[in-house]
Amino acid sequence: MCGIVGYIGHRDAFPIVIKGLQRLEYRGYDSAGIALFDGNTINLSKTKGKVEDLKKKSKEISMAGTLGIGHTRWATHGVPNDVNSHPHYSNSGDLVIIHNGIIENYESIKQALQNRGYTFKSDTDTEVLINLIEEVQKTEGVKLGKAVQIALNQVVGAYAIAVFDKKKPDEIVVAKLGSPLAIGVGEDEFFIASDASPFIEFTNNAVYLEDEEMAIVRLGKEIKLRKIKNDAVAYPNILELQMNLEEIEKGGYDHFMLKEIYEQPRAIMDTYRGRLLADQGIIRMAGIDQNIEKFVNANRIIIVACGTSWHAGLVAEYIFEDLARIPVEVEYASEFRYRNPVITDKDVLIAISQSGETADTLAAIKLAKEKGAFVFGVCNVVGSSIARESDAGAYTHAGPEIGVASTKAFTTQITVLTLIALKLAKEKGEFSGSKFHEYLTELETIPAKVEKALKSNGLVETVAEVYKDSTNCLYLGRGYNFPVALEGALKLKEISYIHAEGYPAAEMKHGPIALIDEQMPVFVIATKKGHYEKVVSNIQEIKSRKGKIIAIVTEGDVQVKELADHVIEIPETLESLTPLLTTIPLQLLSYHIAVMRNCNVDQPRNLAKSVTVE
Ligand code: M6R
């Protein structure tokens with residue numbers, strides 16, 4: 001987590017770094033800092049709080065310089081305060097660093113440096129690293145780049161760093177292991193950032209560092225990459241980015257989350273565009289086509305993911321087993337990686353991740369690859385670590401998701417996974433041609449049906465008004481909509497801080513029913529296709545205990561309307577596609593409740609968009 005930004009060129013670095021940090025705030029936002037170098041003086045400012053606080057604080061001092069680095073933090077070592085904020089100086093005051101990641105062996109290094117007379121102002125692992133670099137410079141008599149390389153070979157952990165030296169005013173040294181780092185290449189200027197959003201209006205040429213690579217970014221020179229371990233030269237692959245500025249701005253919406261909820265019809269369509277060819281009766285996906293035997297002959301599919309992506313994985317479990325008849329296991333990546341799982345070369349592992357940077361998911365992939373499994377990545381961020389680490393994959397085409405609460409990532413992940421399941425079902429002969437065709441044409445209607453589901457916004461807002469002060473909520477669903485209940489509960493708790501739990505509706509009677517009284521709102525997904533009568537019975541059970549019932553129903557429903565306190569309708573579709581619709585009112589509901597409770601919708605407390613620590 002944490003976002004890093006750097007600039008070296010001919011422009012004033014301050015506005016570039018500050019704006020870049022604001023775009024990266026989704027990665028962490030408990031403190032922020034900036035250091036600029038004007039050729040003589042280092043101007044450094046940092047503070048607990050947001051980039052906006054940093055901007056205000058920086059007005060009090062001179063912030064000149066055409067070289068700058070900045071950091072927005074999600075605290076790991078040391079509480080969020082001014083001192084622990086980045087950038088950090090070395091003891092001489094000549095070297096300055098920003099760092100995203102964790103140095104695991106920092107304590108032993110710190111002890112050794114203290115024995116040599118070094119002192120530390122902060123509690124961070126990062127201040128230890130910059131002083132280790134300084135110590136290497138002194139004892140080995142090497143320049144900054146070499147000192148960084150030698151120091152990094154002594155540390156254990158993860159990092160994306162940018163370092164500059166007062167004595168070298170025309171260069172910034174960067175390095176990466178485990179945390180992302182992109183270099184934007186402009187005309188006589190370079191940009192450094194955790195993702196490309198801070199520099200997209202200046203250049204669309206970018207180099208993404210691979211793990212264990214470093215670069216000396218020097219004015220007037222081409223970028224040179226080196227392998228940190230063995231000093232081998234690596235050749236930069238300059239990519240042309242497709243992202244545009246509009247995609248990363250709010251576009252008239254109050255919050256990114258709301259914008260992203262409303263983008264779902266387009267995002268789903270973009271995700272199946274060019275893949276779903278209903279008129280030809282085919283699904284074309286290069287990553288699957290080229291590896292079809294691996295999928296068809298797999299003993300099982302293991303899905304690993306975290307958070308919302310894990311919920312998409314649960315939906316996929318239903319789809320793969322139901323349609324393609326392939327056994328599926330869905331695992332939290334964080335558990336999978338540490339429980340010595342049985343994995344063979346007949347397994348296919350699908351890793352789902354919006355950011356493509358989640359540390360636990362990345363580690364699960366590496367483990368599965370070591371054991372010979374075929375790894376398929378479903379990521380949103382192009383060129384992300386998980387996308388690169390996978391043997392093959394399929395991108396969701398959701399576009400940048402900035403709100404920390406995942407919305408369009410979820411529905412586009414389900415879209416990709418549905419396409420894969422349908423393709424495999426066809427390949428395995430589980431489907432007749434007409435059934436396959438029915439699915440393809442129905443999937444094509446989903447964007448318009450999501451659009452229709454979004455029309456419930458006004459009604460959802462009135463429901464939100466009624467329940468905004470609740471302290472607990474239950475979410476229930478069955479079958480394909482059980483994972484949607486989990487996702488609805490996660491959305492509510494993460495942005496409005498209301499305790500919420502999702503359950504399979506039938507599990508309620510095994511415990512959670514004890515919680516139900518007249519204060520308890522219960523959100524029930526009760527669509528016509530999907531164990532409708534059983535869910536109606538569960539609703540009866542809630543009603544007889546005086547719980548408040550808010551039901552998501554298929555349009556035209558009569559039975560549930562009689563029982564529920566509120567009903568929100570969604571259009572009818574095939575059972576396996578209902579999660580793409582039922583999730584919409586639940587996203588809107590948590591959004592409105594969070595706004596009504598004055599919560600920070602896009603940047604909820606304690607969270608970060610990209611969880612690059614375990
Ligand atoms: O980038 P990823 O999809 O790998 O992220 C996984 C989770 O951290 C993420 O889904 C998280 O749970 C979101 N805040 C949910 O809204």
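A polar contact is a pair of N or O atoms within 3.5 Å; within protein, one atom must be able to donate a hydrogen and the other to accept it, and residues adjacent in sequence count only if both atoms are side-chain atoms. With that in hand, let us look at the ligand site.

This is a predicted model, in which local features need pLDDT of at least 70 and side-chain atom pairs count only at pLDDT 80 or more, while totals for chains, interfaces and linings use all residues. Residues are numbered from 1 along each chain as its sequence is written, and side-chain values use heavy atoms, with hydrogens and water left out.

**The ligand site**

| Residue | Protein atom | Distance to a ligand oxygen |
|---|---|---|
| Serine 309 | polar side-chain atom | 2.6 Å |
| Glutamine 354 | backbone N or O atom | 2.7 Å |
| Serine 355 | side-chain N or O atom | 2.7 Å |

The protein buries 91% of the 420 Å² that the ligand exposes when taken alone (accessible areas come from the Shrake-Rupley method with a 1.4 Å probe; for residues, only the protein chains shown count as cover). Helices here are DSSP runs of H or I with at least four residues, and strands are runs of E with at least two, numbered from the N terminus. The ligand has 15 residues around it, and Ser309, Ser353, Ser355, Thr358 and Glu494 come nearest; a residue is counted if one of its heavy atoms lies within 4 Å.

Glutamine 354 and Glu494 turn up again among the contacts of serine 406, which also include Thr308, Glu401, Glu487, Lys491 and Lys609, leaving aside neighbours within four places in sequence (contact means heavy atoms within 4.5 Å). Serine 406 sits in the loop between β22 (392–395) and α14. Is serine 406 buried or exposed? It counts as buried because its relative accessibility is 8%, and buried means under 20% relative accessible area, exposed over 50%, and partly exposed in between (1.4 Å probe, protein chains only).

**Domains and cores**

The protein is divided into domain 1 (3–244), domain 2 (250–453) and domain 3 (455–607), with bounds from an automatic or database domain assignment. Taken over C-alpha atoms, the centres of domain 2 and domain 3 are 24 Å apart. Their contact takes 39 residues from domain 2 and 36 residues from domain 3.

The largest nonpolar core has 91 residues, and Phe320, Ile350, Phe376 and Tyr475 have the most contacts inside it. Such a core is a set of buried Ala, Val, Leu, Ile, Met, Phe, Trp, Tyr and Cys residues joined through side-chain atoms within 4.5 Å. Helix α14 (residues 408–427) supplies its largest share, ten residues, and the core draws at least three residues from each of domain 2 and domain 3. Apart from it lies another core of 29 residues, with Ala32, Ala182, Phe199 and Ile200 among them.

Isoleucine 301 belongs to strand β18 (residues 300–305) and is buried because its relative accessibility is 0%. Beyond four places in sequence, isoleucine 301 touches Phe295, Phe320, Ile326, Pro327, Val328, Glu329, Val348 and Ile350.

Threonine 411 lies in helix α14, and its relative accessible area of 0% is why it counts as buried. Its side chain makes a polar contact of 2.8 Å with the side chain of glutamine 264.
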